[in-house]
Amino acid sequence: MREPLISVQNLKTYFHTYGGVVRALEGISFDIYPEETFGLVGETGCGKSVTSLSIMRLVPNPPGKIEAGKVTYRGQDLLQLTEDQMRRIRGSKITMIFQDPMTFLNPVLTIGEQVTEVIEIHQDLAKEVVLLKIEDLKDKLARAQGNTSAGRAVEQRMRQLEAELETPPKPRRRELKKAALKRAEAALRLVRMPDPEKVVKQYPHELSGGMRQRAVIAMALSCNPDLLIADEPTTSLDVTIQAQILTLLSELEKKIGASVLLITHDMGIVAETCDRVGVMYAGNIIEVSETKALFEKPLHPYTRGLLRAIPKLHKDVKNLETIPGSVPNLIYPPSGCRFHPRCPFKMEVCDKEFPPMLEIESGHSVACYLYPEK
C-alpha cells in the first residue's frame, strides 16, 4: 500500500455568524497520494473551497474556525503547527491557485516583483547567486581572449567562486534580487508564458486572463511544491484557454512530480484530468472512486443525478434532467444523510444518522444506506 502524501481525517470547519453556525464541513475524510490528481467535485456552496482553505489554514477567523479533525502531511498534523511553522510549508511545500487571478495578484506590483517575493521568502538563493557570478565571469573570459593578464585574473576569481559553492556567503540584497528574478523568468518559461523577460516588468492589468492565470501558476510552482491545490483554476477563462491551462497543469504535474488537488464543479474537467475523485454534497464527502469507475458505475444517488444532468452530444434532448429540491441551509442542515430530502431512494433510516463510508469495491467507497454493511 502506498503512503498518502496528505491525509484529511474527520475535518470539521464551521462559520459562526449572526444567523447561526454554518456547518460548512462536517467530518470529511480523503487521501491524496504522490504524483496523482485528486478531483473534488460538487455544487457551488458544498464546501470545496472551504476544504482547500482548511488544508492551507487560511480560513478567516473570525467567523471561521476549524473545529476538529487532522490534516496529516508527511507525518505531521498541519492543524497542530504554529503559524511560523505553517508559513514555511504554505507557499513552499503546499501551494494554491485561486479562482480569479485578478483578485489574487497585486495590481500595483509587477509580475516579476510578485513571483520573486515568493521565491525570496521560501528559497535559499545563496548558491544561485554564486553560480550567476560564475556565468558572468565566463562571459568576461570569452571577451578577454588575447589579453593574457586579464584572462588570468578572471580565471583566478572563478576558482575562488567555485570554492565558495561549498558554503556560499550571505548574498547582498541586489544580488539576491537578480537571482530571484532569473528564477522567476524560468518559472514563467515553465508555464509557457510568451516573452517572460518582458512579462516580469509588466503589471497584471497589462496581461490577458490566460496570461494572468499562467503567472499565478508560475508563482505556485516556483518553489517546486509537493502538493498544488487548484481551486477552479479555469472559471473565468474562455473554453480555448481553459483547455490550455488544464493541459499545462497535467504536463507540469508529471514534470515536477507534484500531486494536484483539483477543485471543480465541471464533471468534464474531472473526466479529462483526474486520477481519482471525491464527490461532495452539503459539507460531506459522499463518494470516492477512481475516475473511470465513477463514470462507469456511480453508486450514490446524488452522483448519478450529477451525471444524468450532463447533456449528451449524441442525443437530442429537449429538457435536461435535474435533481429535485435545493441545496440545504447549512445553518439548519437535515438530520442524518443531508441528501435524503432530495433522494428518490429515501428510506426510514436516512434521516436518523449519517451513513458510514463503506468500500463497496476496491478503491470505490460510498456513504449511502442503499449499500448495507457486509
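Colleague: Are helix 9 and helix 10 roughly parallel or roughly antiparallel to each other?
Modeller: In this predicted model, the axes of helix 9 (residues 209–221) and helix 10 (residues 239–256) come within 11 Å and cross at roughly 15°. Angles under 35 degrees count as roughly parallel, and helix 9 and helix 10 are therefore roughly parallel.

Colleague: Which residues of helix 10 does helix 9 meet, and how do the residues of that contact divide by class?
Modeller: From helix 9, the residues taking part are Gly-210, Gln-213, Arg-214, Ile-217 and Leu-221. Their partners in helix 10 are Ile-241, Gln-244, Ile-245, Leu-248, Leu-249, Leu-252 and Ile-256. By class, the residues of this contact of helix 9 with helix 10 divide into eight nonpolar, three polar and one charged.

Colleague: Is the crossing in which helix 9 passes helix 10 left-handed or right-handed?
Modeller: The two axes cross at roughly 15°, and the sense in which helix 9 passes helix 10 is given separately from that angle. The crossing is right-handed.

Colleague: How is helix 4 oriented to helix 7, roughly parallel or roughly perpendicular?
Modeller: The axes of helix 4 (residues 111–122) and helix 7 come within 8 Å and cross at roughly 105°. Since angles of 65 to 115 degrees count as roughly perpendicular, helix 4 is placed relative to helix 7 as roughly perpendicular.

Colleague: How many nonpolar, polar and charged residues has the contact of helix 4 with helix 7?
Modeller: Helix 4 contributes Ile-111, Gly-112, Val-115, Thr-116, Ile-119 and Glu-120, while helix 7 contributes Arg-173, Leu-176, Lys-177, Ala-180, Leu-181, Arg-183, Ala-184 and Leu-188. Sorted by class, the contact of helix 4 with helix 7 has eight nonpolar, two polar and four charged residues.

Colleague: Which residues in helix 7 are buried, and which residue with a positive phi follows helix 7?
Modeller: Helix 7 (residues 173–190) has 18 residues and reaches 26 Å from its first C-alpha to its last, close to the 26 Å expected. Buried in helix 7 are Glu-175, Leu-176, Ala-179, Ala-180, Arg-183, Ala-184, Glu-185, Ala-187 and Leu-188. The helix is followed by a residue whose phi is positive, near 60°, namely Arg-192.

Colleague: Which residues does Pro-356 touch, not counting residues up to four places away in sequence, and what is the relative accessible area of Pro-356?
Modeller: Pro-356 is found in the loop between helix 13 (301–308) and strand 11 (358–361). Pro-356 and Ala-367 are eleven residues apart in sequence and 5.4 Å apart in space, C-alpha to C-alpha. With that exclusion, not counting residues up to four places away in sequence, Pro-356 touches Val-366, Ala-367, Cys-368 and Tyr-369. Pro-356 is partly exposed, with a relative accessible area of 41%.

Note on methods:
Residues are numbered from 1 along each chain as its sequence is written. This is a predicted model: local features need pLDDT of at least 70, side-chain atom pairs count only at pLDDT 80 or more; totals for chains, interfaces and linings use all residues. Side-chain values use heavy atoms; hydrogens and water are left out. Helices (H or I, at least four residues) and strands (E, at least two) are DSSP runs, numbered from the N terminus. The expected span of a helix is 1.5 Å times one less than its number of residues. Buried means under 20% relative accessible area, exposed over 50%, partly exposed in between (1.4 Å probe, protein chains only). Axes are lines fitted to C-alpha atoms, for helices over the stretch in contact, and angles run from 0 to 180 degrees between N-to-C directions. Angles under 35 degrees count as roughly parallel, over 145 as roughly antiparallel, 65 to 115 as roughly perpendicular and the rest as oblique. A crossing is left-handed if the near helix is turned anticlockwise from the far one by less than a right angle, and right-handed if clockwise. Contact means heavy atoms within 4.5 Å. Ala, Val, Leu, Ile, Met, Phe, Trp, Tyr, Cys and Pro count as nonpolar, Asp, Glu, Lys and Arg as charged, and the others, Gly among them, as polar.
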